[in-house]
Amino acid sequence: MSTATGFASLSSNTPLVPFSYNTQGVLENDVAIRVTHCGICHSDLHHLKNEFGHNLWPMVPGHEIIGHIVEVGSSVTKFKVGDRVGVGCYINTCGKCEYCSTKRSQYCGRITLTYNSKKPDGSTTYGGYCDRIVVDHNYVNTIPENISSEEAAPLLCAGVTLYSPMKHWGVKSGHRVGILGLGGLGHMGVKLAVAMGAEVTVFSTSPNKKEEALRVLKAHHFVLSNDVEEVKKLRGSFDFLINTISGAAINLDLYIPLLKTDSTFIFVGVSPEAHSLHIAPLIVKRIALVGSLIGSVEDSQETLEFCSKNNVVPMVEVLPISEINTAMERLERNDVHYRFVVKHPPSVPKVN
Ligand SMILES: [Zn+2]
Ligand SMILES: [Zn+2]
């Protein structure tokens with residue numbers, strides 16, 4: 001056993017506090033990772049407020065984890081000590097069901113999430129706001145050399161959450177894609193869709209995001225989504241609309257008519273409120289209304305490789321993990337450009 005040190009939540013709506021715990025021993029299929037960086041996902045904030053109502057305290061959030069392997073189990077041949085690796089949203093599944101056997105293990109009914117979840121042995125999982133994690137190597141990704149650790153971290157949740165549905169439903173060159181919302185997920189959606197050759201339109205309520213969306217993220221068009229008349233002008237123009245907004249429900253009766261016949265509306269953001277819509281526009285244009293959950297471990301590896309090849313990386317703000325509560329407060333106010341990544345202090349070499 002070794003000690004992990006970082007930050008934990010001890011109750012609902014209270015700041016994270018310094019926390020240490022003994023990690024499990026490294027079993028034959030496991031690797032131990034010295035965590036160097038961890039992205040802050042919006043769902044971490046939802047968890048800190050216990051919005052899903054199933055918190056297991058103490059809770060160590062974090063599921064966009066990058067670090068170096070410091071120990072490998074006796075059966076592990078794919079990784080060696082020193083490798084730079086990543087861990088995303090889940091760390092165990094049944095391995096046998098129809099989803100696990102077809103590279104769709106994010107839909108396994110016996111999934112163990114990276115934090116706030118129970119492992120098959122009954123112990124609680126702790127995430128990447130601590131500096132050490134021990135996981136089964138089958139849920140670990142290799143990080144391509146040309147992506148920095150801070151830029152790689154958000155690819156393991158925000159990146160794959162957009163890449164996986166775009167791949168599944170076949171976004172390709174020439175498609176017209178609309179991205180609803182320009183936050184952590186949305187900005188990855190823009191970058192990935194542009195790299196796939198699509199013509200990309202951003203729908204955002206923030207006029208101050210326009211310049212960067214066009215110049216830096218390379219979106220082709222920017223539409224202020226609260227200008228309903230401007231939005232309506234785009235009727236029948238899109239092959240895909242991807243909703244990344246998680247704060248509130250959107251007006252589907254406004255957006256569905258923007259799609260072409262045989263097109264797809266994809267939900268990746270989850271709003272606390274229910275959506276309502278009129279069904280007729282779906283029927284008359286054979287439009288599919290679909291959802292997608294993160295991506296599999298294989299999808300994450302593909303996302304990393306696609307991003308490595310196409311120079312797609314998230315825009316991040318890096319803070320030392322000692323400032324984790326500042327990051328959370330700013331995320332709460334949407335004051336982030338576009339993803340926070342916290343950095344653990346360098347490890348002190350052991351003297352034997
Ligand atoms: Zn996430
Ligand atoms: Zn399964």
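This is a predicted model: local features need pLDDT of at least 70, side-chain atom pairs count only at pLDDT 80 or more; totals for chains, interfaces and linings use all residues.

Biologist: What is the phi of Asn13, positive or negative?

Modeller: Most residues other than glycine have a negative phi, and most peptide bonds are trans. Asn13 is not a glycine, yet its phi is positive, about 65°.

Biologist: Which peptide bond is cis, with omega about -10°?

Modeller: That bond joins Trp57 and Pro58. Pro58 is placed in the loop between helix 1 (42–48) and strand 4 (65–72). Another cis bond runs from His337 to Tyr338, where omega is near -20°. Tyr338 belongs to the loop between helix 10 (324–332) and strand 17 (339–343).

Biologist: Let us turn to sheets. In what order do the strands of the open sheet of 6 strands stand?

Modeller: Strands of a sheet pair through backbone hydrogen bonds, either parallel or antiparallel. Here the order is 12-11-10-13-14-15, and the pairing is parallel. Strand 12 (221–224) and strand 15 (288–291) are the edges; each has a single partner strand, so one side of each has no neighbour in the sheet. On average, neighbouring strands of this sheet are turned by 20° against each other, direction ignored.

Biologist: How many bridges join strand 10 to strand 13?

Modeller: Strand 10 (residues 176–180) and strand 13 (residues 238–243) run parallel and are joined by 4 bridges. Within this pair, Val177 stands opposite Phe240 of strand 13.

Biologist: Which strands does helix 4 touch?

Modeller: Helix 4 (residues 184–195) packs on the sheet and touches strand 10, strand 11 (199–204) and strand 13. The direction of helix 4 makes about 170° with that of strand 10.

Biologist: I would now consider how two helices meet. At what angle do the axes of helix 3 and helix 9 cross?

Modeller: The axes of helix 3 (residues 158–169) and helix 9 (residues 297–310) cross at roughly 95° and come within 9 Å. An angle from 65 to 115 degrees counts as roughly perpendicular, so helix 3 is roughly perpendicular to helix 9. Helix 3 contributes Gly159, Val160, Tyr163 and Ser164 to the contact, and helix 9 contributes Asp299, Ser300, Thr303, Phe306 and Cys307. By class, the contact of these helices holds 4 nonpolar, 4 polar and 1 charged residues.

Biologist: Finally, how many helices and strands does the chain have?

Modeller: The chain has 10 helices and 17 strands. Its radius of gyration is 20 Å, close to the 20 Å that the globule rule gives for 352 residues, so the chain is as compact as a globular protein of that length. Along the principal axes, the C-alpha trace of the chain spans about 70 × 40 × 40 Å.

Methods. Residues are numbered from 1 along each chain as its sequence is written. Chains are lettered from A and ligands numbered from 1 in the order in which they are written. Two strands pair if DSSP finds at least two bridges between them. Axes are lines fitted to C-alpha atoms, for helices over the stretch in contact, and angles run from 0 to 180 degrees between N-to-C directions. Two residues are in contact if their C-beta atoms, placed from the backbone, lie within 7 Å. Angles under 35 degrees count as roughly parallel, over 145 as roughly antiparallel, 65 to 115 as roughly perpendicular and the rest as oblique. Ala, Val, Leu, Ile, Met, Phe, Trp, Tyr, Cys and Pro count as nonpolar, Asp, Glu, Lys and Arg as charged, and the others, Gly among them, as polar. The radius of gyration is taken over C-alpha atoms; the globule rule is 2.2 Å times the number of residues to the power 0.38.
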